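Colleague: I have a chain open on the other screen and would like to go through some of its local geometry. Can you take me through it?

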Amino acid sequence: PLECFCIPQHYTDVLERVIIPHGVILDRVEKLAHDIVHEFGSTHLTVLCVLKGGHQFFADLFACIKKLNTNTPEPVPLSIDFIRLKSYTNTESQDEVQVIGGDDLDSIRGKNVLIVEDIIDTGRTMVKLLDLMKKYEPANLRVASLFVKRTHRSNNYRPHYIGFEVPDHFIVGYALDYNEHFRDLDHVCILNDLGKEKYKL
């Protein structure tokens with residue numbers, strides 16, 4: 001029940017339930033960081049954050065990798081870059097995906113690149129981004145997504161690193177938004193019908 005968690009008061013009537021508490025997310029992010037450091041060893045890695053939703057996962061993952069770098073004989077040299085995609089209006093994933101930014105991505109040519117995304121829904125957004133990235137000919141291209149939605153609308157794309165598989169509901173929290181709301185919610189929750197109506201555009 002929601003009353004077992006610290007939820008901002010202005011959201012308590014629009015959330016169905018908590019599905020992943022914040023502490024569980026942080027523990028999983030730490031494990032993903034271990035897996036990434038293990039794979040890349042001492043090779044340079046460019047970490048590309050997909051804004052806006054991916055910023056919280058990116059920040060926590062990057063912090064974990066930096067911490068591991070101080071305690072491993074083969075630290076991973078890191079650099080970062082950012083891109084923004086637009087594919088959502090209300091709750092429906094749109095057919096057209098707008099790529100914002102990417103003009104300076106020529107710097108990833110010949111490098112190892114890790115794309116950090118918040119959620120893979122249908123997979124169309126990530127396929128669009130991967131098509132863009134491949135034009136810059138990186139040496140290796142990996143994707144880390146904190147969430148992958150189990151949905152019949154999926155194109156069956158699977159990222160290299162997955163945090164959690166989540167049910168086919170509209171989820172918010174941990175920087176996942178609904179029309180720019182709920183980015184201040186730590187836990188991942190299912191949005192109820194009242195919330196969809198209250199915050200629709």
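Colleague: Fine. What should I know about the model and the numbering?

Modeller: It is a predicted model, in which local features need pLDDT of at least 70 and side-chain atom pairs count only at pLDDT 80 or more, while totals for chains, interfaces and linings use all residues. Residues are numbered from 1 along each chain as its sequence is written, and side-chain values use heavy atoms, with hydrogens and water left out.

Colleague: Helices then. At what angle do α1 and α2 pack?

Modeller: About 55°, with the axes 9 Å apart. Helix α1 covers residues 22-40 and α2 covers residues 55-69. Helices (H or I, at least four residues) and strands (E, at least two) are DSSP runs numbered from the N terminus. Axes are lines fitted to C-alpha atoms, for helices over the stretch in contact, and angles run from 0 to 180 degrees between N-to-C directions.

Colleague: So what do you call that arrangement of α1 and α2?

Modeller: The two are oblique to each other. Under 35 degrees counts as roughly parallel, over 145 as roughly antiparallel, 65 to 115 as roughly perpendicular, and the rest as oblique.

Colleague: Which residues meet between α1 and α2?

Modeller: From α1, Leu 26, Val 29, Glu 30, Leu 32, Ala 33, His 34, Ile 36 and Val 37; from α2, Phe 57, Asp 60, Leu 61, Cys 64, Ile 65 and Leu 68. Contact means heavy atoms within 4.5 Å. By class, this α1 to α2 contact has eleven nonpolar, one polar and two charged residues. Ala, Val, Leu, Ile, Met, Phe, Trp, Tyr, Cys and Pro count as nonpolar, Asp, Glu, Lys and Arg as charged, and the others, Gly among them, as polar.

Colleague: Staying in α2, is Asn 69 buried or exposed?

Modeller: Asn 69, which is in α2, is buried at 17% relative accessible area. Buried means under 20%, exposed over 50% and partly exposed in between (1.4 Å probe, protein chains only).

Colleague: What does the side chain of Asn 69 reach?

Modeller: The backbone nitrogen of Val 76, at 2.7 Å. Leaving out residues up to four places away in sequence, Asn 69 touches Pro 75, Val 76 and Leu 78.

Colleague: New topic. Where is Thr 151?

Modeller: In the loop between β6 and β7 (161-166). Thr 151 is buried, with a relative accessible area of 12%.

Colleague: And which side chain has a polar contact with that of Thr 151?

Modeller: That of Asp 168, at 3.2 Å. A polar contact is a pair of N or O atoms within 3.5 Å; within protein, one must be able to donate a hydrogen and the other to accept it, and residues adjacent in sequence count only if both atoms are side-chain atoms. The Thr 151 side chain also reaches the backbone nitrogen of Arg 153 at 3.1 Å.

Colleague: What is phi for Ala 175?

Modeller: Near 75°, a positive value in a residue other than glycine. Ala 175 sits in the loop between β8 (171-172) and β9 (188-191), and at 2% relative accessibility Ala 175 is buried. Glu 137 also has a positive phi, near 55°, and is in the loop between α3 (124-134) and β6 (140-149).
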